[in-house]
Amino acid sequence: MKPDDFIHLPEMPTFPVYIQYKGIFDMQDVYETIADFFRQKKFKLQESQHRLRRPGPFGAEIANNFIARRKVEDYYQWIVNVNIETFDLHDVEVVLKDGTKKKMAKGRLWIQLYGTVETDYEKIWEKSAFLAHLKSFYNKYIIKKKYEGVWWDELYYKIVMRLHALLKERLKMVSEGFEHRHFAGVH
Amino acid sequence: MGHLKIVVDHEKIDYSGPVSVGDLLRMIENFLWERGFDKKQDKDFEQNTANGKFIEWQIMPWKKISDYLRYHIKVRVLGYDIVKADTVSNGKKTKIDTGRLIIVIDGFMEYDYDHRWEEKPILYFFRALYDNFIFKAYTERFEHMLVHDVNHLVDHIEKFLNLYRRYSVISRAAP
């Protein structure tokens with residue numbers, strides 16, 4: 001029997017959010033926006049996969065998977081996964097408003113974002129069955145409100161949804177804008 | 001997912017004309033946020049086509065009413081051939097989106113969202129008894145509240161789209 005079989009709520013995932021975009025966009029800007037966002041929010045960003053395929057004559061398929069981690073407190077950490085895939089991607093040259101030319105990408109873009117609140121990330125409370133049960137009790141009864149009402153909420157609204165809104169803004173989508181920008185707190 | 005009951009089925013708004021799509025979407029989000037709903041974004045798609053932009057935007061916010069029951073309101077916005085057009089607003093020239101919008105709203109009530117009453121057939125049976133007979137008055141009242149919220153949202157959207165310039169009757173708030 002593994003500890004995960006009886007520990008309640010060892011982690012709490014957020015809902016995945018998606019962006020699908022078809023048109024002209026700046027891929028470099030998308031990467032930089034993601035990296036910069038996580039740097040500002042004190043996350044450590046890791047690129048777990050970068051794959052390039054050319055399955056047909058219509059353009060390249062690039063897949064990027066990023067994992068960002070932030071150890072918020074001793075007991076819990078936030079993990080955010082960003083998966084990007086492009087389809088039919090090819091370079092185009094566009095003329096900007098000031099008349100300068102710039103290379104951008106044209107094709108389809110698919111982005112998936114989701115986060116997880118993970119408790120006891122150093123597995124200190126899984127060294128014995130007694131400690132594991134204690135952790136289970138702690139998660140289920142003592143910190144449950146804080147866990148699902150504060151830690152999860154902050155991850156979802158301040159990190160995942162905010163990055164979602166930021167990417168929409170960079171892609172200049174019609175639905176850009178973040179309604180929860182004044183969500184409690186100043187950061 | 002616990003027992004999901006459709007309370008509002010496909011309330012639909014079809015609109016063609018000038019509209020600020022970004023403001024409309026933010027207004028919907030804000031409306032639901034103010035009423036205590038948590039946001040869940042299902043779809044946010046945009047395609048640049050030859051005739052303009054096509055968008056598909058769907059949210060399904062939820063709100064826990066008790067430890068047994070929660071509301072879901074699904075709002076789906078489809079936009080066809082959205083292009084920017086010049087308009088005059090308050091004497092100033094501005095650009096605004098123009099196109100066709102289809103907005104579909106559904107309201108759901110989810111019973112027993114923690115799945116505590118569906119582990120055994122006997123519990124499932126008791127849950128049905130509880131919902132339909134013992135708790136009936138409360139269940140109906142919760143339904144009225146959800147219908148009221150959805151009607152209020154539809155009224156807000158219609159006002160935003162300027163579909164009528166008069167006061168309209170919205171459903172009465174549950175006591």
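User: Hi! What should I know before I start about numbering, lettering and pLDDT?

Analyst: Residues are numbered from 1 along each chain as its sequence is written, and chains are lettered from A and ligands numbered from 1 in the order in which they are written. This is a predicted model, where local features need pLDDT of at least 70 and side-chain atom pairs count only at pLDDT 80 or more, while totals for chains, interfaces and linings use all residues.

User: Thanks. How many helices and strands does chain A have?

Analyst: Chain A has 3 helices and 6 strands, taken as DSSP runs (helices H or I, at least four residues; strands E, at least two) numbered from the N terminus. Along the sequence the pattern is β-β-α-β-β-β-β-α-α.

User: And what does its C-alpha trace span?

Analyst: About 65 × 40 × 20 Å along the principal axes of chain A.

User: Which strand of chain A is joined to β2(B), and is the run parallel or antiparallel?

Analyst: Strand β2 (residues 17–25) of chain A is joined to β2(B) by 3 bridges, and the two run parallel. Strands pair if DSSP finds at least two bridges between them.

User: What stands opposite A:Y21?

Analyst: That's B:E46, in β2(B).
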